[in-house]
Amino acid sequence: MIMEKIMHKLLAAALIGGALALLGSPGHAADVKTLNGAGATFPYPVYAKWADAYQQKTGVKLNYQAIGSGGGVKQIEAKTVDFGASDAPLKAEELQQAGLVQFPAIMGGVVPVAHLEGVEPGQLRLTGDVLADIYLGTVDHWDDPRIKELNPNLDLPDKRITVIHRSDGSGTTFIFTNYLSKVSGDWKKNIGAAKAVSWPAGVGGKGNQGVASYVERIDGSIGYVEYAYALQNNMGYTLLKNRAGHFVAPTQETFKAAAAGADWQHAQGFYMILTDQPGAKSWPITGASFILVHKKPTNPRQVQAVLKFFDWAYHNGDQMAAELDYVPMPQSVVKRVEQAWQQSIKGTAGQPLWPAK
Amino acid sequence: MSAIFQAIVARKPRSGSVLDPAFRAVTRFFAILVLGLVLAILGALIAGAWPALHEFGWSFLTTDAWNPVTETFGALAPIYGTLITSLIAMLIGIPVSFGIALYVTELAPRWLKRPIASAIELLAAIPSIIYGMWGLFVLAPLLANVVQPWVIDHIGDWPLIGVLFSGPPLGIGMFTAGLILAIMVIPFITAVMKDVFEVVPDVQKESAYALGATTWEVMHHVVLPYTRTGVVGGIMLGLGRALGETMAVTFVIGNANHINASLFMPGNTISSAIANEFNEASGEIYTSSLIALGLVLFVITCIVLGGARLMLARMEREK
């Protein structure tokens with residue numbers, strides 16, 4: 001326990017540096033000038049864009065350190081930042097234990113990308129089950145009958161499949177393996193879902209960039225990257241069969257469909273992983289990225305300013321998010337989030353911090 | 001010269017009697033600080049690694065299960081990868097470095113010596129991430145498309161060593177990592193070898209030449225015995241870099257926690273496993289296992305350096 005605390009402190013010092021600690025010190029917050037957050041790398045571009053627009057409008061600066069989801073959770077638990085960000089949601093018990101409140105801020109999708117000569121982006125069709133077996137190494141050639149059956153029109157070569165996965169711990173991997181666990185009993189039993197898993201096959205690349213460059217490099221490879229990444233690099237995305245039995249392409253529309261079909265009402269602490277959701281148009285590997293703040297913060301004004309920022313982003317940031325190929329949260333979910341703020345985030349005297357005056 | 005001498009003589013004797021001990025104390029403090037730092041690092045590593053070592057015991061070193069989901073960790077795959085890639089680097093790096101140093105000090109025409117020496121220094125100054133990128137974007141495709149298919153076809157079927165060169169030609173893997181490491185350690189080893197070869201007194205070499213010795217014989221019987229310590233030191237410097245190198249290896253090794261007989265298959269090293277996973281490691285055992293990996297690397301490095309010292313001591317005695 002003590003060791004863990006020391007580790008947290010060490011990490012805090014190493015990653016954030018002294019400057020942030022100075023800026024983020026609570027107390028003299030009569031006029032909040034700077035907000036500090038740290039965590040997931042996946043939503044970083046959109047947070048940065050929002051922060052820029054928000055600063056021009058209100059003069060409040062947002063410092064966001066994209067140190068990874070795990071780091072974000074550690075930082076907010078150690079109270080070195082005003083909010084943490086994580087691609088993998090914390091469970092209700094974990095939130096309770098750490099005294100944190102969690103809410104989704106932005107969505108995106110994870111897209112399987114394949115590099116196979118003669119196959120254009122969007123041509124290859126896969127099911128979750130076959131994808132899981134490819135990653136398990138049991139389907140290891142492109143002309144496997146199970147892939148052929150799904151793609152009768154494609155001329156699939158007798159080529160070995162090289163599986164590419166993330167080598168670093170990552171929220172993307174969490175969403176991807178969560179999906180595979182839902183659709184494949186073998187995967188769930190032997191591998192499981194986490195930010196890093198014990199991969200039975202393949203090659204690991206560091207970051208979306210690493211996976212993408214391996215996929216581009218190796219003919220006959222398959223990997224998975226964030227949607228924005230696949231789109232901007234024009235990678236060979238695959239179609240996936242969703243729970244309703246339709247083959248869908250990864251688009252803004254299919255991500256939104258997945259979010260809309262989800263049962264947010266019964267998701268305790270917004271613990272919601274948008275994989276394998278119902279709905280005819282739902283993209284099966286969708287995920288939200290989450291923000292974490294303290295329930296009873298020692299720096300209530302800072303946290304209030306954080307809530308203001310995300311409120312502003314929910315209502316004004318959709319266009320900016322879409323430009324960067326992220327998917328904004330539906331307004332129905334936003335309403336629930338702001339209700340949750342009002343109910344659970346309290347100032348030092350027990351007064352709700354939201355709605356902010 | 002005489003001005004300095006006069007200044008020293010004219011100086012008040014008292015100032016030296018205060019400053020000398022102070023100077024000695026300060027330098028001693030710095031020297032002890034280094035020792036203390038090493039011990040502090042070792043202590044921090046042991047403390048951090050303790051939960052994992054307590055949980056897994058010796059099986060941490062003897063199993064290759066690296067599973068964050070079930071929180072079972074064994075370091076065998078990264079240890080294997082670290083040792084094999086460093087071995088490849090040394091097998092390639094030592095002869096090439098020796099050749100370069102020999103050529104520059106003994107054979108090269110005078111006008112060529114300086115450009116080669118400068119090029120070596122330049123190579124040593126290139127940041128490792130550049131080597132990594134070059135490895136991934138230039139070397140890996142070259143290996144995947146040209147070298148590895150040929151080797152797999154021609155050597156892959158040989159008995160015994162064939163298994164080392166089998167599997168799909170990915171271009172990334174242990175062999176590529178070893179090759180990149182070799183390129184990275186060559187400037188270090190060469191620079192040290194060149195420097196120590198140059199301090200061999202010309203009289204000794206010329207005497208040998210005068211007796212009719214060939215360049216190789218002079219090298220073998222005069223230069224090498226004279227410079228043994230320096231040569232071994234240079235090799236150890238290179239080995240140290242190879243064992244601990246992180247970024248360049250991470251780019252090209254494929255980062256898979258498996259032990260594969262084939263050198264063309266992806267593997268992992270201790271330092272690249274730590275670099276990849278530390279940020280997102282959650283939970284005490286996972287973090288602690290990564291620190292334990294660091295401790296293992298520390299111990300390996302100590303063993304290598306200690307071994308080198310022993311070897312040198314034995315050589316001295318035999319002489």
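**View 1. Ser221(A) sits in strand 8 (residues 221–226) of chain A.** Strands here are DSSP runs of E with at least two residues, helices are runs of H or I with at least four residues, and both are numbered from the N terminus. Residues are numbered from 1 along each chain as its sequence is written, chains are lettered from A and ligands numbered from 1 in the order in which they are written, and side-chain values use heavy atoms, with hydrogens and water left out.

Ser221(A) has 0% relative accessibility, so it counts as buried (under 20% relative accessible area, with exposed over 50% and partly exposed in between; 1.4 Å probe, protein chains only). Its side chain reaches the backbone oxygen of Val215(A) at 3.2 Å. Beyond neighbours within four places in sequence, the contacts of Ser221(A) (heavy atoms within 4.5 Å) include His115(A), Trp142(A), Thr162(A) and Tyr214(A).

**View 2. Helix 9 (residues 207–217) of chain A is mostly covered.** Eight of its 11 residues are buried.

**View 3. Helix 3 (residues 69–77) of chain A is largely enclosed by the rest of the structure, because eight of its nine residues are buried.** The buried set includes Gly70(A), Gly71(A) and Gly72(A), together with Lys74(A) and Ile76(A). Just after this helix, look for Lys79(A), which takes a positive phi of about 60°.

**View 4. Chain B meets chain A through 33 residues from chain B and 38 residues from chain A.** The area buried between them is about 2,500 Å², with 57% given by carbon and sulfur atoms; this is the accessible area (1.4 Å probe) that the two parts lose on being put together, summed over both. Helix 2 (13–56), helix 6 (128–155) and helix 12 (284–318) of chain B are among the elements that give two or more residues to its side.

**View 5. Residues 11–30 of chain A have a pLDDT below 50.** pLDDT is the predictor's confidence in each residue, from 0 to 100. Chain A averages 87, and 91% of the residues score at least 70. Where pLDDT is low, the predicted coordinates should not be read in detail.

Terms used: Predicted model: local features only at pLDDT ≥ 70, side-chain atom pairs only at ≥ 80, totals over all residues. Polar contact = N/O pair within 3.5 Å; in protein donor to acceptor, adjacent residues only side chain to side chain.
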